[in-house]
Amino acid sequence: MSVVVRGTGRYLPERQITNADLEKWVDTNDEWIRTRTGIHTRHMLAPDQATSDMATEAGRRALDDAGLRAEDLDLIVVSTLTPDMLTPSASNLVQANLCKGRGIPSFDLNAACSGFIYGLQVVSSLIESGSYRRALLVGAESLTRFVDYEDRSVCVLFGDGAGAVVLESSDSPGGIRGIRLGSAGVHAELICLPGGGSRRPPSIEVLEARDHYLKMQGNKVFKLAVQSMEQVARDTLGDVGWSIDDLDLVLAHQANRRILDAVRSRLEVPDAKMPLNVDRMGNTSAASIPVLLDECLGEGRIRSGDKLMLVAFGAGLTWGCCALEWA
Ligand code: COA
């Protein structure tokens, strides 16, 4: 028995924020953003939208792609660090939207930008254990709500969106071959949203300090991102006995172009095997890999039997890698 991806879907909000838009809001410029990050534009959710709305739509599209209905699901998991509210979870709201009165379990998982790979590990293990047969896993984020449009070093990087996969048990060849996860909480302060939680609940002081926004030490994050992604990729390939040459496609978390270039060159992955959409999306955190996967499938870049490597890095710090043979 293996765990396979039966369907995929994505949802990106209509509104796009270009570098020219950002030039009007903060002291930045298109040239700086393009050369340092490779980002040209990113999506931003509408004022009346929240993470669960995007997750629901991506989930619907993944179900359609799979030729299934919500009634066919046993479990819903949403990976996100930007839920609609602290409780209920975004997945509970997605479950209400998709399943109406049916009582299947749903929960959120927060591993920041590595959330989709963490979700793959958790959901595939639950399916392998026999507890569930079929699950919806969504990576969904609305980071434009949590970045400070007075902090030019952070606000230019992030965008909103959602990507979803339907995972199920299968007897056919292919599926998830191996997953490695890791974390380093000792570096928690490098990417951190300090206010609004139990340590510093919402208050005038938190708002005045702008601590309800994401803070990041970009330089330090950059180096650790490259090192961690390279290492976890090598370890995962070692686990499953694949070499870089065996891979048909590497879907890496779209943090920024320079990080991706560095990872690609260290692993010696040919350009053509490592698709990018960071120029159009920015960093969409847990949504980035499932959105990219859905795009690549739409472009006919993935065929049955292809060997894929999905690799991510994020706040926490966290990292993860999945070796997947397309069924
Ligand atoms: N526009 C113009 N100038 C900017 C700017 C912006 N948007 N953001 C920062 N700068 C300035 C800084 O103020 C600094 O100016 P100074 O030298 O006068 O002090 C200068 O650019 C260099 O800043 P620095 O932070 O050293 O730039 P950098 O080369 O490290 O690039 C990042 C910044 C954020 C692009 C880079 O560190 C990075 O990509 N880090 C990883 C972030 C990431 O992907 N995090 C998520 C991981 S999941």
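Which atom of the ligand does a backbone N or O atom of Gly218 lie 2.9 Å from? I opened this predicted model with that in mind, and found a nitrogen atom of the ligand at the other end of the pair.

Entry: Next I looked up the side chains. Arg152 places a polar side-chain atom 2.9 Å from a ligand oxygen atom. Arg258 also has a polar side-chain atom facing an oxygen atom of the ligand, here at 3.5 Å. I then checked how covered the ligand is: alone it exposes 960 Å², and the protein buries 74% of that.

**Entry: the shell.** I counted 22 residues around the ligand. Thr28, Arg36, Arg152, Gly218 and Asn256 are the closest. Sorted by class, the shell holds nine nonpolar, nine polar and four charged residues.

Entry: Then I listed the elements giving two or more residues to the shell: helix 2 (30–37), helix 6 (152–155), helix 8 (218–240), helix 9 (257–267) and strand 12 (307–314). Helix 8 supplies the largest share, four residues.

**Entry: domains.** Last, I wanted to know why the ligand lies between domain 1 and domain 2. Domain 1 covers 2–172, and domain 2 covers 177–273 + 288–325. Both give residues to the shell, so the ligand lies between them.

Conventions:
Residues numbered from 1 in each chain as written. Predicted model: local features only at pLDDT ≥ 70, side-chain atom pairs only at ≥ 80, totals over all residues. Heavy atoms only, no water. Near = heavy atom within 4 Å. Polar contact = N/O pair within 3.5 Å; in protein donor to acceptor, adjacent residues only side chain to side chain. Areas by Shrake-Rupley, 256 points an atom, 1.4 Å probe, with all protein chains shown as cover. Nonpolar A, V, L, I, M, F, W, Y, C, P; charged D, E, K, R; others polar. Domains from an automatic or database assignment.
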